[in-house]
Amino acid sequence: MSWYEAGFHVAGQKVLWTDLVGNACALGTVWLATLRTVWTWPVQLAGSVLLFAASLSAHVTGNALKQVMFAVLAVYGWQRWAHGTRRADGLPVRFGTVRERTALLAATVAGTVVVAMLFEHFDASWAPWPDAYIFVGSAAATFAQGRALIDFWWIWLAVDLVGVPLALMSGLWVTGAVYGVFLVLVLNGYRDWRRIWQARSVHTPRPEAVAN
């Protein structure tokens, strides 16, 4: 048995160690993101490696490729946050502009169609459309997170609503349970980031006030 297939049984269901520890890192990533700390990204990178192995074991190609994408975006987010967290008041967060939101939505829709068609063509997933949606939606959420856009919390919420049933049907019970916990963490993270943004907005003088 390979190391990435090692695990234990609970109520007749096998739990992979890679799935368990990888999802612990994923939960840690969301909690650290709420705190706006740069440690969010190295923890996400470690979790991506473990969940990549777990997904290969479960033959969920889309989820495995998603972890590769997470690793790449973790490097991107790490670089941006490392610069932003040097500010005295911490990482500046904001809502996306209309242009940014439109671009993210368009990229998610178009990307889902393209990736789903590729999964179908290469028979790479037993559930190509939800698998593709999770893959592309996760990319959009992580990219928006790297840019410190508050909107990324809602993108994650939309991904989780599909991720829970797909993970359970794939036999990744820990992943399914963690997706459920994500719901609470996402709502909490959105509340905290919005509160920080509102506090900064109140103390930031308007351009006309500065001119006067």
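Which helix does Gln145 lie in? Gln145 sits in helix H5, where helices (H or I, at least four residues) and strands (E, at least two) are DSSP runs numbered from the N terminus. Before going on, note that this is a predicted model, in which local features need pLDDT of at least 70, side-chain atom pairs count only at pLDDT 80 or more, and totals for chains, interfaces and linings use all residues. Residues are numbered from 1 along each chain as its sequence is written, and side-chain values use heavy atoms, with hydrogens and water left out.

Back to Gln145. This residue is buried, with a relative accessible area of 3%; buried means under 20%, exposed over 50%, and partly exposed in between, using a 1.4 Å probe and protein chains only. If you skip its neighbours within four places in sequence, Gln145 is in contact with Ala33, Thr40, Trp41, Gln44, Trp81, Phe152 and Trp156. Contact here means heavy atoms within 4.5 Å.

Three of those partners, Thr40, Trp41 and Gln44, are among the buried residues of helix H2. Helix H2 covers residues 40-58, and its 19 residues should span 27 Å at 1.5 Å a residue; the end C-alpha atoms are 26 Å apart, which agrees. That expected span is 1.5 Å times one less than the number of residues.

Now for the core. A nonpolar core is a set of buried Ala, Val, Leu, Ile, Met, Phe, Trp, Tyr and Cys residues joined through side-chain atoms within 4.5 Å. The largest one has 42 residues, and Ile150, Phe152, Trp153, Trp156 and Trp193 touch the most other members. Helices H1 (17-35), H3, H4, H5, H6 and H7 each give at least two residues to this core, with the largest share, eight residues, coming from H6. Take Ile150: leaving aside neighbours within four places in sequence, Ile150 is in contact with Val93, Arg94, Phe95, Tyr190, Trp193, Arg194 and Trp197.

Grid points are joined across faces, edges and corners, and a volume is the space filled by probe spheres set on the points.

The whole structure holds two cavities of 30 Å³ or more. In the largest cavity there is about 380 Å³ of space. Its lining has 30 residues, with Ala26, Leu51, Phe70, Trp156 and Phe182 nearest the centre. H1 supplies the largest share of that lining, seven residues.

Of its 13 lining residues, Arg80, Pro92, Arg94, Arg147 and Ala148 are the closest to its centre. Helix H3 (61-84) and helix H7 (173-203) are the elements that give two or more residues to this lining, and H3 gives the largest share, four residues. The second largest pocket has a volume of about 190 Å³. Helix H4 (98-121), helix H5 (128-146) and helix H6 (152-169) each supply at least two of its lining residues, and the largest share, four residues, comes from H4.

How values were computed
On a 1 Å grid over the protein atoms alone, a cavity is a set of points where a 1.4 Å probe fits but cannot get out, and a pocket is an open set with protein on both sides within 12 Å along at least five of seven lines; lining residues have an atom within 4 Å of a point.
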